[in-house]
Amino acid sequence: MSFLSTPTTRALQFAAFAVSVLLGLSSTQAAALERLRVGYPSPSANFYPLFATKEANLFEKYGFEPEMIYVQGVQLIAVHVAGQLDFSSVSGLVFLQASVEGSDLILLASSNDSQPMKLMVHAGISGPKDLKGKTVAVTRFGSLTDLLLRPVLKNWGLEPQKDVKLLQIGRLPDMVLAIAQKKVDGGVISFPNSLQAEKMGVKTLLDFADSGLDIPSTTVVASRKYANTHREVVLRFLKAYIEGTRRLLTDKELGIRALRKYGGVNDRELLTTTYDLFTTRYTKKVPKINPKAVETALSLLAEGNPRAKGRKAEEFMDTSFMDELESTGFIRSVWP
């Protein structure tokens, strides 16, 4: 029996070794990726930073296998509170509405402190007084569209559901069509659907971004318990999110691709206009929490919810994660 190896034998042995190494690396890499469930409530460009982070594969860079979960409107909060999500990107008003009622959610980051939404009406409405006796649409009662609308109507001297009927229309594209066809008289609409509405002859009665109120509209939240017991995971998530925001603001094609995929918009002109607007006017380079914006949101909620009265912003936010990423130099490394 010969123990000499031939060139062919050596080649086969090397090939088998190489395959085993590659398979081992592949299984190790797969095992190293941690499943992450991330929720968002709308295909709106409000959630652009999250979409861009996913499109740029930055969650994978920080060791995650992300599952993007779309749960419409305020229902997202219920799903998160039930423990079915690890992180959510959601409106600050919607998150705070649930938190003042006792939910365990905590604010970790905020990408946008203005409201890129509009109260839009058909051509027959010339001013706020014309809304009396009319019907205005929201997506869902308790949703951001509803929470924004009610105090505005009261400031105009109009009592919701008494002077102005509020109607739930779940999808924003359906709302746009209903206003254009005068099935309802108005509705609260976000980008990019508001651009589509303008093309259909629907006009703006109020631009919430021009209201002068700083309100966190694009936030990252997790349960307080999860944040306390998974600090290292939260830090990695925020690192990905911060890098994703930078990619959004510096890579136009990636940003447009992300909104096309998660926003369901295919019109190139609409995508370009939306990208330019959100990257120049709304999205912050660094998603640090603005406590004054949280205070403003709580004050707004207190007008209709006694449980929000007297509450402090620090009860609902944890700035320690973003503070650590700043003090350790991570943020500076992303935005030199």
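I searched the whole structure and got 21 salt bridges, each being a side-chain nitrogen of Lys or Arg within 4 Å of a carboxyl oxygen of Asp or Glu. I note that this is a predicted model, where local features need pLDDT of at least 70, side-chain atom pairs count only at pLDDT 80 or more, and totals for chains, interfaces and linings use all residues. Residues are numbered from 1 along each chain as its sequence is written, and side-chain values use heavy atoms, with hydrogens and water left out.

**Entry 1.** I looked at Glu101 and Arg307, whose side chains form a salt bridge at 2.9 Å, N to O. Glu101 sits in the loop between α5 (92–100) and β4 (105–112) and Arg307 in the loop between α13 (291–302) and α14 (320–327), so the pair ties together parts 206 residues apart in sequence. Helices (H or I, at least four residues) and strands (E, at least two) are DSSP runs, numbered from the N terminus.

**Entry 2.** Next I checked Arg150 and Asp146, with closest N and O atoms 2.7 Å apart in their salt bridge. Both lie in helix α6 (residues 144–155), 4 residues apart, about one turn of the helix. Is Asp146 buried or exposed? Asp146 is buried, at a relative accessible area of 4%; buried means under 20%, exposed over 50%, partly exposed in between (1.4 Å probe, protein chains only).

**Entry 3.** Last, I turned to Lys203 in strand β9 (residues 203–207). A polar atom of the Lys203 side chain lies 2.7 Å from the backbone oxygen of Ile125.

Terms used:
Polar contact = N/O pair within 3.5 Å; in protein donor to acceptor, adjacent residues only side chain to side chain.
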